[in-house]
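Here are a few notes to go with your first look at this one. Have the sequence and the structure open side by side as you read.

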Amino acid sequence: MAIYELGFDDIPAKYLILLSQKKKKFQKKLFGWDSQIFLSPRRIIIKTQSQVEPQKIAEFITENYKTMRWREGEKTSFVRPLRWLLALSGENKIDIELFGEKSRCETYIHRSLGNTKVKVEKEEEFFEKLKEGKVEFSENARREKIKKILQDSGINPESYKELVEISTFLTEYPNGVIGKVDSEGIPEAIAEDILKNTVLVFPIKNEGKISGFVAIIDNPSPKEDEIRKGYEFVIKSRFDDARFYIEEDRKIKLSERIHLLERIVFNEKFGSFYDRQIFVSKAADFIYAKTRLSSREKLRRAVMLSKADITTGLFREFPEYQGYIGMFYAMQDGEDEEIAKAIYEHRLPEKQDDPLPNTPTGTVISIADKIIHIFSGFLSSLEVTSEEDPYGIRRAARNMIRVLIEKEIDIDIQELVDFLYPFFQEHLKDKMSEDEIREKIINALDFIKERIENYLSSYYKKDIVRGVIERTYSPYDAFLRAKSLSENDFSDLFYVARRVRNIIEQAEEKGLLSITENPDPKSEIESKTYEEVLKFEKESIELLKEKKYDEFIKSFSKLKKQLDDFFNSVMILSEKEEERRTRLSILYPIFEITNSFADFSKIEKRK
């Protein structure tokens with residue numbers, strides 16, 4: 001067996017977290033599955049069954065974080081200079097050199113105890129000396145200790161996973177210090193943000209308010225009073241800054257800030273944030289007309305208030321809380337509660353695990369805001385690449401689709417854009433031609449269709465998804481169609497749709513397609529088939545209108561039998577024009593209905 005310890009002044013927690021996530025991969029590749037790797041802010045320890053080459057160790061620690069060469073002539077770079085190197089096998093020192101540092105039989109105890117050098121004569125006493133020196137070398141042990149400290153203070157560690165990881169890799173001997181804070185007058189989310197993201201401490205909540213904190217410190221025997229006072233001073237200073245911004249902001253009501261949006265450029269081509277919100281309001285009007293969610297008055301006021309907080313000082317300090325700040329100020333101004341909540345909810349969801357808007361007003365504005373973000377982006381030539389999404393256009397599309405589907409809201413994006421088109425045209429007439437506007441809108445629609453396909457393909461087979469999205473620009477409607485095709489045996493529908501389509505296309509290719517609205521069947525089989533088709537057409541139109549797609553799919557079993565009799569009894573493409581026209585006219589309603597439901601040329605045959 002062999003032990004290698006690389007010692008540093010300190011290693012960034014960000015790097016250690018990344019290395020911990022990838023170490024299993026490197027264990028097999030470089031050291032073997034039976035090796036062990038321990039990471040702390042001052043040391044990287046590798047325990048192996050046999051000696052390894054120094055370059056393998058260098059490869060392991062520099063794979064993801066090469067930054068600087070600390071010695072002249074040194075070929076390998078790393079995030080921090082190496083301060084000591086221990087290498088032992090049994091009772092023997094392993095003579096190696098790494099990053100310009102030669103191996104020795106020494107390590108260091110915890111820095112708070114004097115950073116004393118300790119001689120290690122044999123491998124088996126190495127870990128004992130670290131323990132005696134108050135160094136908890138195992139990140140798993142440190143993590144569990146931190147979780148225990150939090151739980152004892154009434155904090156759920158699962159709510160702060162990221163900060164737990166950071167604290168794990170900022171400490172070699174974690175200890176907890178508890179302090180008090182006064183967060184009165186500060187929005188809870190912003191007070192919490194200051195604690196966990198700026199000061200790196202865990203908030204303690206009491207009756208819905210943040211009343212204290214737990215600081216995880218790296219010290220086996222801390223002077224708790226001094227440390228507590230230090231944290232409380234820093235937190236008070238940051239809270240006082242937030243209160244100053246709030247006091248300044250409250251000199252103007254949120255509603256009085258709406259016209260200040262005219263001074264803030266959304267982007268040079270599309271105009272100001274005020275211009276943008278006018279379009280969001282129009283989109284919200286359309287959605288309201290289709291869904292009757294909320295009311296026009298609430299929607300229009302909530303839309304214009306939803307971006308007013310970007311004119312505030314608190315937003316400049318905490319831009320990630322746009323919407324939440326607006327809700328906080330709207331509540332203080334006495335705005336309708338649902339309008340205030342909608343100001344916050346219009347940004348939901350932003351991340352994959354975010355909740356959806358809860359209020360009807362917030363739901364409508366969330367959809368409208370994301371739609372306008374997408375189309376204004378395309379109309380402003382903001383590029384979306386497969387690798388990058390700097391303007392959040394792809395994210396907006398994905399989240400809009402999620403809201404529409406999970407909230408079961410049937411909005412056809414094509415219809416919405418047709419409604420908005422003349423307004424886009426008027427707004428941009430001095431900046432681009434009609435052809436340019438039309439082309440960019442088509443590109444945006446194609447982009448949204450791709451996003452609908454990607455979203456639904458996570459749940460259903462791609463060929464089914466491709467088939468249904470060719471026939472609807474409503475994400476929710478596409479979802480329902482794909483779901484019904486996936487959960488039902490649609491072999492009869494597939495057979496009828498494909499066979500009728502082939503006949504119609506064949507007739508069209510030969511120039512023989514001639515249809516009449518009121519065919520005059522001559523034979524008994526023609527009359528019987530025409531009767532069944534008319535009955536089927538009436539029922540299908542109603543089923544499709546009500547989106548009863550399961551029933552629609554099942555209705556083809558009876559029709560298939562009748563069509564089989566029809567195909568076996570007559571030649572559809574008869575040489576006689578009148579017969580051919582009659583028979584094609586009997587089949588054509590079936591073609592129109594099946595083709596409106598899905599493009600079956602894109603769907604694979606199912607057994």
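1. In which helix is Thr-361 found? Look in α13, the helix made of residues 360-379. Keep in mind as you go that this is a predicted model.

2. Is Thr-361 buried or exposed? Its relative accessible area comes out at 0%, and since anything under 20% is called buried, Thr-361 counts as buried.

3. As for who surrounds Thr-361, set aside the neighbours within four places in sequence. That leaves contacts with Ser-294, Lys-298, Leu-299, Ala-302, Glu-338 and Ala-342.

4. Now over to a sheet. Three strands make up an open sheet in the order β10-β12-β11, and the pairing is antiparallel. The edges are taken by β10 (174-180) and β11 (202-206); each has a single partner strand, so one side of each has no neighbour in the sheet. From one strand to the next, the twist averages 30°.

5. How is β11 joined to β12? The two strands run antiparallel, with five bridges between them; β12 covers residues 209-218.

Notes: Residues are numbered from 1 along each chain as its sequence is written. This is a predicted model: local features need pLDDT of at least 70, side-chain atom pairs count only at pLDDT 80 or more; totals for chains, interfaces and linings use all residues. Side-chain values use heavy atoms; hydrogens and water are left out. Two strands pair if DSSP finds at least two bridges between them. Helices (H or I, at least four residues) and strands (E, at least two) are DSSP runs, numbered from the N terminus. Axes are lines fitted to C-alpha atoms, for helices over the stretch in contact, and angles run from 0 to 180 degrees between N-to-C directions. Buried means under 20% relative accessible area, exposed over 50%, partly exposed in between (1.4 Å probe, protein chains only). Contact means heavy atoms within 4.5 Å.
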